[in-house]
Amino acid sequence: QVQLVESGGGLVQPGGSLRLSCAASGAIFSFNAMGWYRQAPGKQRELVAEIASGGSTNYADSVKGRFTISRGNDKNTGDLQMNSLKPEDTAVYYCNAVYSPGGWPYWGQGTQVTVSS
C-alpha cells in the first residue's frame, strides 16, 4: 500500500519559514499529482497548493506568492516551501497524492504547523 508521511512542521514565528516534505513509499510508480491541504480548528479542510504531472501548479489565494510546491529530488517526494508565514497559516497540513489522473487519492497523517509569536 502507498504510505505518505509528512514532515517539517513545527512552531515558527510570524514572518518565518518552514519547509514541509511528503515522502511516499510503497508505490510502484511516481505520483501523478500531489497536493497540500490544511485544516485549522473549526474550519474546513482546504487546498493549499497542488502540482500536476506536467509541473503546473495551483495555489490558494491566501498563500500565493508565499508558498511554493515542488517535486523533490526523489520523484516520490514533494515539498511545500512556506515563507512569510502568518498566524492564519496555523493548521494541520496534509499531503495528498494520486498515481493516475482521477486515481484514488492517498493521504498522509498530517503535520502541525503553528505560527505564533
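Q: Among contacts between residues at least 6 apart in sequence, what percentage join residues at least 24 apart?
A: In this predicted model, the figure for the protein chain is 55%.

Q: Which secondary structure elements does the protein chain have, and how many?
A: You'll find 11 strands and zero helices.

Q: Why look for nonpolar side chains on the inside?
A: In soluble globular proteins, they tend to be buried together. Here, the largest nonpolar core holds 28 residues, and Trp36, Val48, Phe67, Leu80, Met82 and Tyr93 are those with the most contacts inside it. Several strands supply at least two core residues each, including β4 (33-39), β8 (77-82) and β9 (91-98).

Q: What does Leu80 touch, leaving out residues up to four places away in sequence?
A: Its partners include Trp36, Val48, Phe67 and Tyr93. Leu18, Leu20 and Ile69 are also among them.

Q: How do I read the two faces of a strand?
A: In a regular strand the side chains alternate between the two faces of the sheet. Take β1, residues 3-7: Leu4 and Glu6 lie on the covered face, while Gln3, Val5 and Ser7 lie on the uncovered one.

Q: In which sense do β1 and β3 pair?
A: They pair in the antiparallel sense, over five bridges.

Conventions. Residues are numbered from 1 along each chain as its sequence is written. This is a predicted model: local features need pLDDT of at least 70, side-chain atom pairs count only at pLDDT 80 or more; totals for chains, interfaces and linings use all residues. Side-chain values use heavy atoms; hydrogens and water are left out. A nonpolar core is a set of buried Ala, Val, Leu, Ile, Met, Phe, Trp, Tyr and Cys residues joined through side-chain atoms within 4.5 Å. Buried means under 20% relative accessible area, exposed over 50%, partly exposed in between (1.4 Å probe, protein chains only). Helices (H or I, at least four residues) and strands (E, at least two) are DSSP runs, numbered from the N terminus. Contact means heavy atoms within 4.5 Å. Two strands pair if DSSP finds at least two bridges between them.
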